[in-house]
Structure formats: C-alpha cells, structure tokens
Amino acid sequence: YDDNHIEGTITVKKDGLCFTSIPYDEGWTLYANGEKLDTYPVLEGFLGTYLLEGDYEIKMTYRCPGLLTGFITTIIGILMFLSIYKIEKRLRDASKETSTT
C-alpha cells in the first residue's frame, strides 16, 4: 500500500456488505479480481461495497476528484496572464515610442 493505492486478498464467507475503515470519498475506485465495483458510504462515512462469497484479489486506487480540471484551469490562467502581460508591455513600449517622437 501507499498513499493512493492498496492491494490485498480477502476471503468472503457470506454474501454481503464489505466495508473498510477508510473514509468514503468519490475519488476511490475499488476492483475485485480485476472487475470495477460500485462503492458506497457505509455507517455514515466509511468506504464499502457488496461482495459475494468467495476469494478476491482487491485493488483500491485513489485519484483526487477535480485534480485534472484544476491543473488545466491553472495552466489556462497562467497562459492568459502571460498573454495579457505581453500585450500590456507592447502597448507601453508603443506609447513610449509615440511620446518620444
């Protein structure tokens, strides 16, 4: 395991709800034997899913919701700032040339 990834095995003796002590967050994705499972908030906030009786290889991954959108928005903002800065600089330089001539 690490900060955003957990793997392990589990044996389920009876069909039912399986939950972890990890707080529920939409960024978690849970796989059992390679198949993506739906996750649910359990007991007012823990991450859980339904499993049938059997043995499972469990893989859980976390991706921060909105991270990609935030990154793209930041890049667009920086590009816009640089563009405005360049335009302002050109206008100031043109204004200085006009006032000296």
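This short talk goes through the strands of one structure and how they pair.

A word on the source first: this is a predicted model, where local features need pLDDT of at least 70, side-chain atom pairs count only at pLDDT 80 or more, and totals for chains, interfaces and linings use all residues. Residues are numbered from 1 along each chain as its sequence is written, and side-chain values use heavy atoms, with hydrogens and water left out.

Two terms come up throughout. Strands are DSSP runs (E, at least two residues), numbered from the N terminus. Two strands pair if DSSP finds at least two bridges between them. In general, strands of a sheet pair through backbone hydrogen bonds, either parallel or antiparallel.

Let me start with the sheet that holds β3. Four strands make up this open sheet, in the order β1-β7-β3-β4, with antiparallel pairing. At its edges are β1 (5-12) and β4, each with a single partner strand, so one side of each has no neighbour in the sheet. On average, neighbouring strands here are turned by 30 degrees against each other, direction ignored; axes are lines fitted to C-alpha atoms, and angles run from 0 to 180 degrees between N-to-C directions.

Now β3 itself, residues 28-32. Of its 5 residues, 4 are buried, so the strand is largely enclosed by the rest of the structure. Buried means under 20% relative accessible area, with a 1.4 Å probe and protein chains only.

What does β3 pair with? One partner is β7 (residues 54-62), which runs antiparallel to β3 and is joined to it by 5 bridges. Within that pairing, Thr29 has Thr61 of β7 as its bridge partner. Another partner is β4 (residues 35-37), again antiparallel, over 3 bridges. There, Ala32 is bridged to Glu35, and Tyr31 stands opposite Lys36. The hairpin of β3 and β4 has 2 residues between the strands, and in it Asn33 takes a positive phi near 55 degrees.

On to the other sheet. Here 3 strands form an open sheet in the order β2-β6-β5, with antiparallel pairing. The edge strands are β2 (16-23) and β5 (40-42), each pairing on one side only. Neighbouring strands of this sheet are turned by 45 degrees against each other on average, direction ignored.

Where does β5 pair? Its antiparallel pairing with β6 (residues 46-51) runs over 3 bridges. Tyr40 has Gly48 in β6 as its bridge partner.

Technical notes:
Buried means under 20% relative accessible area, exposed over 50%, partly exposed in between (1.4 Å probe, protein chains only).
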